[in-house]
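Me: Hi! Could you take a close look at one part of this model for me, with the cut-offs spelled out as you go?

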Amino acid sequence: MEANTEEPTTFSEEEQNENLELWALLEVMYQKYGYDFRNYNYSSIRRQLKRRMETEGIDSISQIQHHVLNNKNLFHKIVTDFYINVTELFRDPAFFNALRNHVIPILKSYPSLKIWHAGCGTGQEVYSMAIMLMEEGLFEKAQIYATDVNMEALKKAQEGIYPVELIKEDSHNYLEAGGLETLTKYCTVNYGNVIMNAELRKHISFFDHNLVTDSSMGEMNLIFCRNVLIYFNNNLKQRAIRVFWESLCHKGFFCAGANERLLGEENQNMFDVYDDKNKIYRKREAA
Ligand SMILES: C[S@@+](CC[C@H](N)C(=O)[O-])C[C@H]1O[C@@H](n2cnc3c(N)ncnc32)[C@H](O)[C@@H]1O
């Protein structure tokens with residue numbers, strides 16, 4: 001079993017047994033269905049499984065393994081649990097504010113813009129960026145690529161339809177992020193849903209991309225991969241960071257999530273820290 005570097009290095013016997021059960025379950029999911037969670041962070045996977053076990057009345061991870069082998073329905077529920085897609089419009093408003101004030105002015109000097117949202121989930125992050133680009137006069141020269149491994153999330157992203165209850169909190173985020181209008185300018189409310197204006201999708205292409213297996217994409221000026229790396233173990237995180245480094249143009253920007261740390265001993269020569277507090281980095285050439 002590969003060491004999971006996100007985990008403590010000493011385990012009780014009970015924890016060691018549970019880790020082995022987890023390892024066997026992830027191997028089964030890979031061998032039988034081709035879904036590879038073997039390099040995801042065990043703590044997060046364990047948390048999701050415990051919740052699912054409670055809902056389904058299952059007592060142990062090895063019992064889950066038995067069910068997964070024989071019950072495709074449960075397998076799909078577990079996969080959906082593992083692809084945590086909690087998100088919101090202008091999530092972490094301070095980050096979007098920093099982007100508006102310290103990154104957008106630099107992007108304004110570029111003749112065209114290529115932006116990649118890796119792990120875009122249900123799309124709120126992408127719509128937030130599209131709105132900001134519109135307000136800053138950059139939308140028409142931008143090409144935005146929104147990718148995720150979870151096809152259900154990606155479909156929702158493409159549709160841009162969200163429950164109306166969320167708009168109040170999101171409107172608050174938008175204003176805190178330095179929004180120049182009101183959020184309702186960019187959507188319509190219909191039968192309990194908020195529908196994002198189709199115009200926002202004019203320069204967005206949605207497609208699937210798996211950070212476990214797929215490679216770099218084009219010459220991006222800006223890459224977002226927020227609240228995704230936190231679910232990977234260090235091996236997979238380093239793989240993804242290499243893909244992002246290869247996908248960025250000279251001095252391209254990379255944005256991580258509020259609780260993520262991009263740089264460690266193994267990759268500190270790949271990026272310069274641009275805004276430590278808001279987790280914004282810039283590609284360094286020599287890696
Ligand atoms: C918590 S959401 C983050 C959404 C958005 N970036 C944000 O910060 O609000 C995590 C997303 O990562 C995606 N994800 C998980 N594993 C992935 C992988 N191997 N490749 C690409 N996306 C992945 C999930 O499907 C989910 O949509």
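Reply: Happy to! A polar contact is a pair of N or O atoms within 3.5 Å; within protein, one must be able to donate a hydrogen and the other to accept it, and residues adjacent in sequence count only if both atoms are side-chain atoms. This is a predicted model, so local features need pLDDT of at least 70 and side-chain atom pairs pLDDT 80 or more, while totals for chains, interfaces and linings use all residues. Numbering runs from 1 along each chain as its sequence is written, and side-chain values use heavy atoms, without hydrogens or water.

Let's look at the ligand site. The side chain of Asn 227 places an N or O atom 2.8 Å from a ligand oxygen. Arg 91 also uses its side chain, with a polar atom 2.8 Å from an oxygen of the ligand. Arg 226 instead uses its backbone: an N or O atom there lies 2.9 Å from a ligand nitrogen. Taken alone, the ligand exposes 600 Å², and the protein buries 99% of that (Shrake-Rupley areas, 1.4 Å probe). In total, 21 residues surround the ligand, each with a heavy atom within 4 Å of it; Tyr 40, Thr 87 and Asp 148 are among the closest.

As a side note, helix 4 covers residues 72-82 (helices are DSSP runs of H or I, at least four residues, numbered from the N terminus). Asn 71 caps its N-terminal end, with a side-chain oxygen 3.1 Å from the backbone nitrogen of Asn 73.

Key. Buried means under 20% relative accessible area, exposed over 50%, partly exposed in between (1.4 Å probe, protein chains only). Helices (H or I, at least four residues) and strands (E, at least two) are DSSP runs, numbered from the N terminus.
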